[in-house]
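Hi,

Here is the structure I said I would pass on. Have a look at it first, and then read on for what turned up.

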Amino acid sequence: MARYTDPVCRICRREGLKLFLKGSRCFSKKCSFERRSTPPGMNTMRRRKVSEFGLQMREKQRVRRSYSVLERQFRNYFRDAERQRGMTGENLLRLLEMRLDNVVYRMGFASSRAQARQLVNHGHFKINGRPTKSPSQQTSVGDRIEVRDTRQGRTFFKAAPDTMRAAQIPDWVSVDPTKLVGSVIAQPTREQMPAEFNEQLVVEYYSR
């Protein structure tokens, strides 16, 4: 399974926006974007006019990289969003939010999507009683996501209840930190999804 393995702080600098890819580090003084927010590479201070296409592509990259999705998979999400009823951009963000690794992150099991993805990859979770190792699995309303019984004694999950209580849990999921269980109780509305993204630019990019 392909994944991005280069320094992730460069991504925030490239996009000119904090994407919170490194969890708690992004909120500390160690955040590289806080220390140096210029784009990576030489001649980074050069000013130039950004075309309309450049704006659209940059926004598409921001959304894609925020959810750690590769190019082809992101395009497939867009096609799925087009087939659904409603606004395509909003459907796209909702599909990304309902990925299993993002739901695990939103429930507070992990401090970043990358960590959530690794936890799922290692088979620590089960959905509706069935173990899974697929971070891209789409969750549905009513799905019950929990840590497998055999993994609850591990050091990471012993501290998980405190992490979950400290996390900002969105209204569309519910969690029980003592039992290491969470449920999807509704699909996220646009107000409950990241406000920093302009999904209309992504739609325009793929509609060229």
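A quick definition before the details: a polar contact here is a pair of N or O atoms within 3.5 Å, where, within protein, one atom must be able to donate a hydrogen and the other to accept it. Please also keep in mind that this is a predicted model.

**Asn102**

What joins the side chains of Asn102 and Arg113? A polar contact of 2.7 Å does. The side chain of Asn102 also has a polar atom 2.7 Å from the backbone oxygen of Glu97. Is Asn102 buried or exposed? Its relative accessibility is 0%, so Asn102 counts as buried, because anything under 20% goes into that class.

**Salt bridges**

Searching the whole structure turns up 11 salt bridges. Here are some of them.

Arg94 and Glu90 meet through their side chains, at 2.9 Å from N to O. Both belong to helix α5 (residues 88–97), where they are 4 residues apart, about one turn of the helix. The two partners fall into separate accessibility classes: Arg94 counts as buried because its relative accessibility is 15%, while Glu90, at 21%, counts as partly exposed.

Lys126 and Asp149 form another salt bridge, with their closest N and O atoms 3.9 Å apart. This pair links distant parts of the chain: Lys126 is in strand β1 (residues 125–127), and Asp149 is in the loop between β3 (144–147) and α8 (155–158), 23 residues apart. Lys126 has a relative accessibility of 15%, so it counts as buried. Asp149 counts as exposed because its value is 57%, and exposed means over 50%.

Then there is Asp162 with Arg165, whose closest N and O atoms are 3.3 Å apart. Where do these two lie? Both are in helix α9 (residues 160–166), 3 residues apart, about one turn of the helix. Asp162 and Arg165 are both exposed.

One more to look up on your screen: salt bridges link Lys60, Arg64 and Glu71 in a network.

**The cavity**

How many cavities of 30 Å³ or more does the structure hold? There is 1, and the volume of this largest cavity is about 70 Å³. Its lining is made up of Val8, Cys9, Cys12, Leu21, Lys22, Arg25, Cys26, Cys31, Ser32 and Phe33. The elements giving two or more residues to that lining are α1 (9–15) and α2 (32–35). By residue type, the lining divides into 7 nonpolar, 1 polar and 2 charged. If you wonder how such a space is found, rolling a probe the size of a water molecule over the atoms shows where empty space is left.

**A hairpin**

Last, go to strands β4 (residues 173–176) and β5 (residues 181–184). They pair in the antiparallel sense, over 4 bridges. Ser174 stands opposite Ser183 in β5. The hairpin of β4 and β5 has 4 residues between the strands, and Leu180 takes a positive phi there, near 55°.

Over to you!

Methods:
Residues numbered from 1 in each chain as written. Predicted model: local features only at pLDDT ≥ 70, side-chain atom pairs only at ≥ 80, totals over all residues. Heavy atoms only, no water. 1 Å grid on protein atoms, 1.4 Å probe; cavity = no way out; pocket = protein on both sides within 12 Å on 5 of 7 lines; lining within 4 Å. Points joined across faces, edges and corners; volume = space filled by probe spheres on them. Nonpolar A, V, L, I, M, F, W, Y, C, P; charged D, E, K, R; others polar. Pairing = 2+ DSSP bridges. Salt bridge = Lys/Arg side-chain N within 4 Å of Asp/Glu carboxyl O. Buried < 20%, exposed > 50% of the residue type's maximum accessible area, 1.4 Å probe, protein only.
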